[in-house]
Structures are given as structure tokens and as C-alpha cells.
Amino acid sequence: MDGAAVPVLHVSQIARALGLALPPAGAPLEAGLDAAAILDAWLGHLPALGWEELLRPTPSRGRSLRNLTVNVFHPFELLPAAWISRELDWRPEEDEARERRLADREAVQRFATAAATGWQSFLDAHGADLGNRDPPVATPRGAVTFSALLEFQRWHAAYHYRQLVDATDVRYPLDLAPFSLALPDGIYY
């Protein structure tokens, strides 16, 4: 490496940049279904949250649950098109503008429901193909395979789901242990 900055979205990019063997590919359909379960659990908690609770800063760098909802669900809006176009224009730095368009708790619920429904529809239509086709996908943080992108977004959703559970009094949180996600012990950094 020449010391130039390398954008990173997934550990496979680090391995590639260092000339190391790529980590073994996971099971993309399983990752997709796990992600759908996490999104569904998140959706299940939203109706119990008031508008003030959605806007209150959390220990996650002061981000609100509205912001975290946008940050988690927006990639799943984009992933179905990325499967075909091989491009994912996910720019989390634009989440604040997206979240401002969600002016009440019903808008947050509609946004998240639409993203989760679209993701589930994608899995219903293409889930069987996920293990047979793994296209490279260009992102603002470098190229990764679709399966690596999906694996990262599953992990990302689970990480922020723990923050939602920690910041609220949700009943019956989803047990993430069976998903084998290697989440860090600490939630906040």
C-alpha cells in the first residue's frame, strides 16, 4: 500500500487492500432473513414510542431514534436495486436531511414499514438466487460483493437495534444471539 486512504465498508476490503485471503463468504439468504427479522423487531417497537422519545438524543453520539431508524432502514431501501444495478449510493452523512422529512411518528413508521416491506418482497422474489449470484457492488466506500454488503447491513441493523433496546423500555426485545453476529460487548463508542 502507498499510504493512501482506503474507504472501508467491510473487512473484505481491508483484506483485499493488504493482499490477504478474503474471509469466507457467509450464507446470503440467511443474512437477508436475519436482517428482515431485525427490521421486523424494530418495527414492532416503533408504535410504543412517542414522538419525543423518537427525537431524544441517545448515548449513540447524541443520535435520535428517528435518525437511527433512517440509518438502519434506508440501506434496505437501496439494496434491492443494488442487486441489479451493482451500485449502492448509500450516504449516511445525508441521513439528517432524510430524517427531517419524517415530521411525525406516523411518518417514521410509514418510512420504516415501506423499507422493511420492500426488503421482504426482494427476499421473496430473489432469495433463492442470493447463494448463486454475488455481484460486485460499487459504493461510496469502495466496491464489495453483494453478500458482504448484506452481511454488513445485517450487522449494522443489529448493532443499532441493541441501541434502540438500550435507550427505551421496549418489551420482548429480539434475541440477537442466534444470529452469530460477533457484535462487540460495548454498544457505545
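Thr-69 sits in helix α4, which spans residues 65–85. In this predicted model, Thr-69 has a relative accessibility of 1% and is therefore classed as buried, the cut-off being under 20%. Beyond residues up to four places away in sequence, Thr-69 touches Trp-42, Leu-46, His-74, Val-108, Phe-111 and Ala-112. Thr-69 also takes part in the contact between α2 and α4, one of two helix pairs described below.

**Helix pair α2 and α4**

- The axes of α2 and α4 cross at roughly 145° and come within 12 Å of each other.
- The crossing in which α2 passes α4 is left-handed.
- On the α2 side, the contact involves Ala-35, Leu-39, Trp-42 and Leu-43; on the α4 side, Leu-68, Thr-69, Val-72, Phe-73 and Phe-76 take part.
- Sorted by class, the residues of the contact of α2 with α4 comprise eight nonpolar and one polar, with no charged residues.

**Helix pair α2 and α6**

- Two packed helices are described by the angle between their axes and by the distance between those axes.
- Helix α2 covers residues 28–45 and helix α6 covers residues 105–126; the two pack at an angle of about 155°, and their axes lie 10 Å apart.
- Helices α2 and α6 are therefore roughly antiparallel to each other, a term that applies to angles over 145 degrees.
- The crossing of α2 and α6 is left-handed.
- From α2, the contact draws on Leu-29, Gly-32, Leu-33, Ala-35, Ala-36, Leu-39, Asp-40 and Leu-43.
- From α6, the contact draws on Gln-109, Ala-112, Thr-113, Ala-116, Trp-119, Gln-120 and Leu-123.
- In the contact of α2 with α6, ten residues are nonpolar, four are polar and one is charged.

**Ala-158 in helix α7**

- Ala-158 lies in helix α7, which runs over residues 146–167.
- The relative accessible area of Ala-158 is 0%, so this residue is buried.
- Ala-158 and Ile-38 are 120 residues apart in sequence, yet their C-alpha atoms are 6.5 Å apart in space.
- With neighbours within four places in sequence left aside, Ala-158 is in contact with Ile-38, Leu-176, Leu-181 and Leu-183.

- Ser-180 is located in the segment after α7 and has a phi near 45°, a positive value in a residue other than glycine.
- Ser-180 has a relative accessible area of 61% and is therefore exposed, the cut-off being over 50%.
- Ala-182 is likewise placed in the segment after α7; its phi is positive, at about 55°, although Ala-182 is not a glycine.
- The relative accessible area of Ala-182 is 72%, so Ala-182 also counts as exposed.

**The chain as a whole**

- The chain contains seven helices and two strands, and these follow the pattern α-α-α-α-α-α-β-β-α along the sequence.
- Of the 189 residues in the chain, 46% are buried.
- Considering contacts between residues at least 6 apart in sequence, 73% join residues at least 24 apart.
- The chain exposes about 9,600 Å², and carbon and sulfur atoms supply 56% of that area.

How values were computed:
Residues are numbered from 1 along each chain as its sequence is written. This is a predicted model: local features need pLDDT of at least 70, side-chain atom pairs count only at pLDDT 80 or more; totals for chains, interfaces and linings use all residues. Side-chain values use heavy atoms; hydrogens and water are left out. Axes are lines fitted to C-alpha atoms, for helices over the stretch in contact, and angles run from 0 to 180 degrees between N-to-C directions. Helices (H or I, at least four residues) and strands (E, at least two) are DSSP runs, numbered from the N terminus. Angles under 35 degrees count as roughly parallel, over 145 as roughly antiparallel, 65 to 115 as roughly perpendicular and the rest as oblique. A crossing is left-handed if the near helix is turned anticlockwise from the far one by less than a right angle, and right-handed if clockwise. Contact means heavy atoms within 4.5 Å. Ala, Val, Leu, Ile, Met, Phe, Trp, Tyr, Cys and Pro count as nonpolar, Asp, Glu, Lys and Arg as charged, and the others, Gly among them, as polar. Buried means under 20% relative accessible area, exposed over 50%, partly exposed in between (1.4 Å probe, protein chains only). Accessible areas come from the Shrake-Rupley method with a 1.4 Å probe; for residues, only the protein chains shown count as cover.
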